[in-house]
Amino acid sequence: MAMALNDSVSANALTLDSVRDSLVRQEDTIIFALIERTRFPINSPAYNHSYAKFPGYSGSLVQFVVRETEALLAKAGKFTNPEEHPFFPTDLPPSEAPPYNYTKVLHPAAASININKSIWKMYFDELLALFATPGDDGNYASTAASDLVCLQALSRRIHYGKFVAEVKFRESPREYEPAIRSQDRDALMKLLTVESVEEMVKKRVAKKAMVFGQEVTLDNNNAKKGKYKVDPSVVSRLYAEWVMPLTKLVQVEYLLRRLD
Ligand SMILES: O=C(O)C(=O)C[C@]1(C(=O)O)C=C[C@@H](O)C=C1
């Protein structure tokens with residue numbers, strides 16, 4: 001049976017290595033998305049509630065774009081995949097696509113976990129100003145579409161913590177069960193944290209930002225050394241301060257419900 005996980009991992013082949021491979025691949029998606037967003041300056045009218053009035057709608061242009069795109073993708077079946085989480089889950093239309101039989105990997109309680117509100121806040125209140133240049137070029141719709149790609153990639157990665165947590169639980173249920181029964185968040189956080197892996201992730205994403213974001217020219221002498229499309233230290237900070245802590249939060253939330 002085909003399954004929801006990226007690539008061709010089957011439910012039985014779900015291992016810590018296979019879920020980590022997926023997290024590594026998703027780094028590429030996130031970094032390319034950030035690079036694409038840097039094509040536009042900050043374009044603040046896209047986030048300003050009083051910039052435009054769309055009929056029957058109140059909110060910013062970016063909210064309008066995300067909400068309407070999610071409604072369309074919901075009809076096409078996007079959110080029937082347990083890896084996908086909407087930013088505006090209320091009033092989403094049902095899927096009109098034929099149902100797909102995703103292999104059930106996660107505990108059913110997983111469906112109740114959606115931390116996209118925190119991801120949205122982090123992206124717009126903290127991250128964007130760190131990598132988008134000041135300015136306004138009027139491309140608000142394309143900017144919003146670009147933001148949506150970043151948000152989706154970050155959301156997918158962070159909520160993938162559900163799969164990471166499931167693997168960790170299956171590999172050592174006896175270690176996790178007492179902390180789950182006593183609903184001890186701190187103990188769970190300690191159990192699932194692997195600092196050496198976090199250090200590697202921070203270094204690898206900075207390196208990827210250098211490799212993916214360098215200027216490629218045929219003339220070696222002309223290469224602008226040390227100039228990257230997205231600052232590698234910002235990408236490393238994104239992971240250290242937000243992506244990994246939020247992925248761990250998803251893991252804790254999932255594990256707390258794992259024995260329900
Ligand atoms: O690789 C793991 O073991 C994970 O749980 C994933 C992850 C991450 O978000 O990258 C989160 C917690 C660990 O401390 C290390 C890395």
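Me: How far is an oxygen atom of the ligand from an N or O atom in the side chain of K168?

Reply: A polar contact is a pair of N or O atoms within 3.5 Å; within protein, one must be able to donate a hydrogen and the other to accept it, and residues adjacent in sequence count only if both atoms are side-chain atoms. Here the distance for K168 is 2.7 Å. An oxygen atom of the ligand also lies 2.5 Å from an N or O atom in the side chain of E198, and a polar side-chain atom of Q251 is 2.9 Å from a ligand oxygen. This is a predicted model, in which local features need pLDDT of at least 70 and side-chain atom pairs count only at pLDDT 80 or more, while totals for chains, interfaces and linings use all residues. Residues are numbered from 1 along each chain as its sequence is written, and side-chain values use heavy atoms, with hydrogens and water left out.

Me: Which residues come nearest the ligand?

Reply: A residue is near a molecule if one of its heavy atoms lies within 4 Å of it. Of the 14 residues around the ligand, the nearest are R20, R157, K168, V194 and E198. Helices are DSSP runs (H or I, at least four residues), numbered from the N terminus. Helix 9 gives the largest share of the shell, four residues; helices 1, 5, 8 and 9 each supply at least two.

Me: Which pocket does the ligand take up?

Reply: On a 1 Å grid over the protein atoms alone, a pocket is an open set of points with protein on both sides within 12 Å along at least five of seven lines, and lining residues have an atom within 4 Å of a point. A molecule sits in a pocket if more than half of its atoms lie within 2 Å of its grid points. The ligand takes the space of the second largest pocket. Its volume, the space filled by probe spheres set on grid points joined across faces, edges and corners, is about 300 Å³. Among the 19 lining residues, R20, L23, R157, V197 and V201 are closest to the centre of this pocket.

Me: What volume does the largest pocket have, and which residues lie nearest its centre?

Reply: The largest pocket has a volume of about 390 Å³. It is lined by 22 residues, of which T80, N81, P82, L106 and A111 lie nearest its centre.

Notes:
On a 1 Å grid over the protein atoms alone, a cavity is a set of points where a 1.4 Å probe fits but cannot get out, and a pocket is an open set with protein on both sides within 12 Å along at least five of seven lines; lining residues have an atom within 4 Å of a point.
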